[in-house]
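This report describes the structure shown below, beginning with a sheet and moving on to domains and a chain contact.

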Amino acid sequence: MKPLASLSAPEMVLVRYGELGLKGKNRGSFEHALIRNMRAAAKPIAEVRVERKRGRMAVFAEARVAEVARRLQDVPGIKSVSPAWGCEAEPEAIAELARQVLHEALRDRPADEETSFRVKTSRADKRFPMTSTELDRYVAERALPGLERMRVDLSQPAMRLEIEVRPERAYVFVQRFPGPGGLPVGTLGRAMCLLSGGIDSPVAAYLAMKRGCQVSYVTFHSYPYIGEASKKKVLDLVRRLSRYQPRSRVFVVPFTEIQTTIRDRAPEPYRTVLYRRFMQRLASRLAHRDHCKALLTGESLGQVASQTLENMTCIEAAAALPVLRPLLTFDKEEAINLAQRIGTYDLSILPEPDCCTVFMPSRPIIHGRVEACEEAEAELGVEALVERALEGTERIDIAGDA
Amino acid sequence: MSTVYLDNAATTPLRREVRAEMEAVFAERWGNASSRHRRGVAARELLDRARERVARTVGARPEHVVFTSGGTEANNLALRGLTRRREARSIWIGPTEHASVRACAEALAGDGLELRRGQLDARGDLDLARLEGDLDEGTALVAQLLVSNEFGTIYDLPRAAALVRARAPHALLHVDAVQAAGKLALSLFELGADSLSLSAHKIGGPQGIGALVLARELPLEPLIHGGGQEGGLRSGTENLAGAVGLGKALELAESERARTFERLSELRRALRAGLERIEGLELLELGDPDRQQPGILAVLVPGAPAEVWLHHLDARGVVVGVGSACQANKRETSPAFAAAGLSEDRARRVLRLSLSGANTEEEVARAIAALEEVAAELATL
């Protein structure tokens, strides 16, 4: 997003939100959640005030409005944002501002490109001396001179120069910058994400947030086989993801005893599947504590041994809640691209092991059987291991940074 | 009697709160942020928090902050690091850039890049028309200061940025914001800058630490190679205490900024009023009078070179600067003075008084009294 710098700073951000419009009765609480999340997101930049009007929101801030607009592009539930410039609610002033805004927005256009626009006025002030259509025409007539290869198209314009006329002030905007779409975080329940330091699980978390889930995290830490840097990496990923979700909770579960027990007393090929079954158990218990209705993982089909359908079935059998897998059908490349877009990739690729080599099986089972898992676990004292791990679990609450 | 320190543009005393945080690092929280053990991870955590503070102040992402040994290194890193591209043909630097930008640009010109220099207009402001004319497809980098360390002029960066975008589509804009931090809002985004440089010791932080902050992922080649710290962009064991100091100093400066600006404006008014009454003294206020960093005030002194005035004042317990501190040890005067249309003779008579929010009206009064005395004494020569 490039600011239209030869104009003075924008005064307001026009926010369009997508599906909320379809929700009828729930609209109020969704809008409420969106406003809360926008305020939290903007907080490090400026205090904002939000007004709701006719299916759109206007966000006002004392300063740094352009930065606020850019920040809002990361808030789930938002379809697009438009930084808006303000002037007196008077036709000549509006036309002049509109002309400047349009000219500036077209500045980087290739010299021979033909394009079209229309003006669209919304009038909140019925006392304004022109009707909306009259103002559309008045502004278009004054904006066109000096613009080459530009024409007015009322039906399918390439650009929409929008004007909002309010009693005390008028706003002009033409740029539209995309938001993530989706639904406001917190409107569609809570999910417990099994977060490793890898590329996939942060992407899964993001996708759930985008669809309105409040995501809590659980991560498993086998100190002193794994160092503190791994734990820090996971926490840093949570902080990075808080661009999209203002507040997050992380549960760090001590996993050493479970891994050493499995390594010492269970069949080697089944190790990874058994570790993951314990993770599902623990995650389910913590999800229950944290009022989450589903587990969330970054699993996708076929990449590693534990992600064949058979192994997934073995693992999932230990979960007490539905397991959501937003990346199930993603190619590795798709996951990487999305990770880069959401800003987690550079953290994920830092080389911090999440499983120590001493715990890895030399020939992991590819097509596991649930019965074999259950047999192996019968000897381990599952309940006691789970209880001890829960007792040692650390809870960390993380508030977002910019 | 304590001295009156009016050379804050050269360096500032370490603030109490900054020192406290740094001392905690020296005493307990020391460590190598790349070590694998808990002390190392804790040190990295501290470094990350400092990085976030810097990022937040200028509206950048933490991953785009590179800690350096100061403003000079940050400027060098920007100029060298951002112009190593094949299609780079020329770079443009402002007329009043700091020596680190000038010298680095001149070194790059020696390597084959064409160097274009901006000019000041008749009013002493940045000549934007000239800038516009100088820009073209081959311009790889534009380096323009936000606040002149010698005159205090605040240059219109947003407009300059718009021109760069319009006329030099491949160029990056680097802004030396060293003298602006703590007095002006520093939003990379609103300035239209692709990178900016900061230095801790101008805002109550320690010497030896600064930062280059990028507006987004940019192809930056490192100056210093080694263990790959700072994302490979600046190797060397991180200056943990320094980074903590910079983060704290910047955070404090930013939170107090509005008040500081007002305070400096008040003190400047009092100082100016006193200076105006001294026979022979000429205020050197370049640029738009509404766009001045209030803490910096340059004056032309009569009779003797500025350095003589400086020593006379120093003897009376009033500490001021001559031209810019970097030039104080050299025999040549800063090219910025030539850009401002000052002859060699007049350039040698420029005294710079630079205030901080910690100065008082009483100190200003003492400074004025001292200047009056020195004026009288030197007038008899």
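What is the strand order of the open sheet of 7 strands in chain B? In this predicted model, the order is β2-β8-β7-β6-β5-β3-β4, and the pairing is mixed. β2 (65-68) and β4 (114-117) of chain B are the edge strands; each has a single partner strand, so one side of each has no neighbour in the sheet. From one strand to the next, the twist averages 20 degrees.

Within this sheet, β3 (residues 90-93) and β5 (residues 139-143) of chain B run parallel and are joined by 4 bridges. One of the residues involved is B:W92, whose bridge partner in β5(B) is B:V142. Helix α3 (residues 71-81) of chain B packs on the sheet, where it touches β2, β5, β6 (172-176), β7 (195-199) and β8 (210-214) of chain B. The direction of α3 makes about 165 degrees with that of β7(B).

Chain A is assigned two domains, domain 1 (12-178) and domain 2 (190-399). Their C-alpha centres lie 43 Å apart. The contact between them takes 5 residues from domain 1 of chain A and 6 residues from domain 2 of chain A.

Chain A also meets chain B, through 19 residues of chain A and 21 residues of chain B. On the chain A side, α2 (65-72) and α6 (228-241) each supply at least two residues.

The table gives the composition of two contact sides.

| Side | Nonpolar | Polar | Charged |
|---|---|---|---|
| Domain 1 of chain A, touching domain 2 of chain A | 3 residues | 1 residue | 1 residue |

Technical notes:
Residues are numbered from 1 along each chain as its sequence is written. Chains are lettered from A and ligands numbered from 1 in the order in which they are written. This is a predicted model: local features need pLDDT of at least 70, side-chain atom pairs count only at pLDDT 80 or more; totals for chains, interfaces and linings use all residues. Two residues are in contact if their C-beta atoms, placed from the backbone, lie within 7 Å. Two strands pair if DSSP finds at least two bridges between them. Axes are lines fitted to C-alpha atoms, for helices over the stretch in contact, and angles run from 0 to 180 degrees between N-to-C directions. Domain bounds come from an automatic or database domain assignment. Ala, Val, Leu, Ile, Met, Phe, Trp, Tyr, Cys and Pro count as nonpolar, Asp, Glu, Lys and Arg as charged, and the others, Gly among them, as polar.
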